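Below are some notes on the model you sent. Please read them with the structure open.

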Amino acid sequence: MNIANFHKLIKSLQGLNDKQRLEIESALHQDSPSESISHLLEERLVEHPECPHCHSSLINRHGKTQGTQRYRCKNCLKTFVAATGTPLARLRNKERWEDYFYCMIKSMPLREAANHCDIALTTSFRWRHRFLQIPTLLQPSTLEGIIEADETFYPYSEKGERHLARKPRKRGMKAKKAGRSSDDWVKIVTVRDRNQHTYDNTFAHVTSDALTKELEGKVQKDSVLCSDGFKAYTKFSKDNELTHKRLNVSAGIRVIENVFHIQNVNSYHSQLKLWLAKFHGVATKYLTHYLGWFRFMDNKENFNENSLFKIQQQLVGT
């Protein structure tokens with residue numbers, strides 16, 4: 001814009017009312033999501049200087065690359081930027097991240113999100129799994145009080161693989177009957193307390209040792225574990241000094257003392273499967289990413305006027 005047009009613009013602003021003035025001031029001071037994330041990344045590096053390659057704190061500014069501050073480590077002599085080592089490393093089109101966050105909050109499939117953001121399908125796939133890396137790692141630090149545990153089964157899928165070790169299934173073919181010993185199904189164990197703190201993960205084999213390893217330090221010893229009659233939960237409760245309320249579901253005993261049941265976990269599983277159905281099948285190797293995404297979506301505290309800022313903070317690891 002030349003100087004003459006700039007002065008005309010300034011003159012035209014004199015007739016604005018108070019509301020319009022506030023809107024312009026807000027627009028001038030409001031950072032885009034990409035700028036906010038970049039700012040958070042830079043702040044983190046200033047407060048806690050660390051090389052992403054060798055973790056040394058001896059770093060120096062080392063010029064700029066494409067408008068982004070670059071750093072150089074005195075120890076390993078490698079260069080990096082603030083996004084190096086985060087899920088955002090080497091991702092482009094920053095101005096479209098906000099739209100893509102919106103698509104994720106709305107649980108859009110890959111193609112729909114790609115069309116909405118006007119990006120390639122491959123870019124949509126790459127962004128989704130980059131952004132899902134952080135929610136995958138977000139597990140509750142503590143489970144306490146009345147805790148419910150149960151597993152559900154999801155079809156084993158090699159969606160997207162071009163070289164299979166078996167004959168490909170035809171569309172519409174059904175997997176074998178779901179069960180704890182079937183290789184056609186992935187076991188998803190969910191442990192959830194009455195405060196809606198939820199742990200879930202995929203298991204090759206659901207055993208007491210595997211449960212103890214995964215939940216080490218997460219379950220308080222004075223808690224009550226509610227489960228079905230599966231022996232792994234019984235031994236897990238004994239090994240971890242938990243009171244165990246064992247439901248005999250096959251005999252129709254689904255509630256004990258009007259308090260102890262696993263209905264919350266069963267409801268969570270039902271909602272999870274309905275949500276996963278939106279994506280027309282999820283490859284097993286990415287299933288834990290989607291479990292983390294659903295945990296984030298299930299936590300109502302994550303959805304308010306600061307939702308986008310929370311996502312940004314998690315992405316940069318602050």
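1. Ser227 stands opposite Arg246 in strand 8. The model is a predicted one, and the pairing here is between strand 7 (residues 224–227) and strand 8, which are joined by four bridges and run parallel.

2. These strands belong to an open sheet of five strands, whose order is 6-5-4-7-8. Its pairing is mixed. Which strands are at the edges? They are strand 6 (198–203) and strand 8 (243–246), each of which pairs on one side only. From one strand to the next, the twist averages 25°.

3. Helix 10 packs on this sheet. The strands it touches are strand 4 (146–155), strand 5 (185–193) and strand 6. The direction of helix 10 makes about 30° with that of strand 4.

4. Helix 10 (residues 263–276) also packs with helix 11 (residues 287–298), at an angle of about 115° and with the axes 11 Å apart. The crossing in which helix 10 passes helix 11 is right-handed.

5. What does each helix bring to this contact? From helix 10 come Tyr268, Gln271, Leu272, Trp275 and Leu276. They meet Leu287, Tyr290, Leu291, Trp293, Phe294, Arg295 and Asp298 in helix 11. Sorted by class, the contact of helix 10 with helix 11 holds nine nonpolar residues, one polar and two charged.

Key:
Residues numbered from 1 in each chain as written. Predicted model: local features only at pLDDT ≥ 70, side-chain atom pairs only at ≥ 80, totals over all residues. Heavy atoms only, no water. Axes fitted to C-alpha atoms, helices over the stretch in contact; angles between N-to-C directions. Helix = DSSP H or I, 4+ residues; strand = E, 2+ residues; numbered from the N terminus. Left-handed = near helix turned anticlockwise from the far one by under 90°. Contact = heavy atoms within 4.5 Å. Nonpolar A, V, L, I, M, F, W, Y, C, P; charged D, E, K, R; others polar. Pairing = 2+ DSSP bridges.
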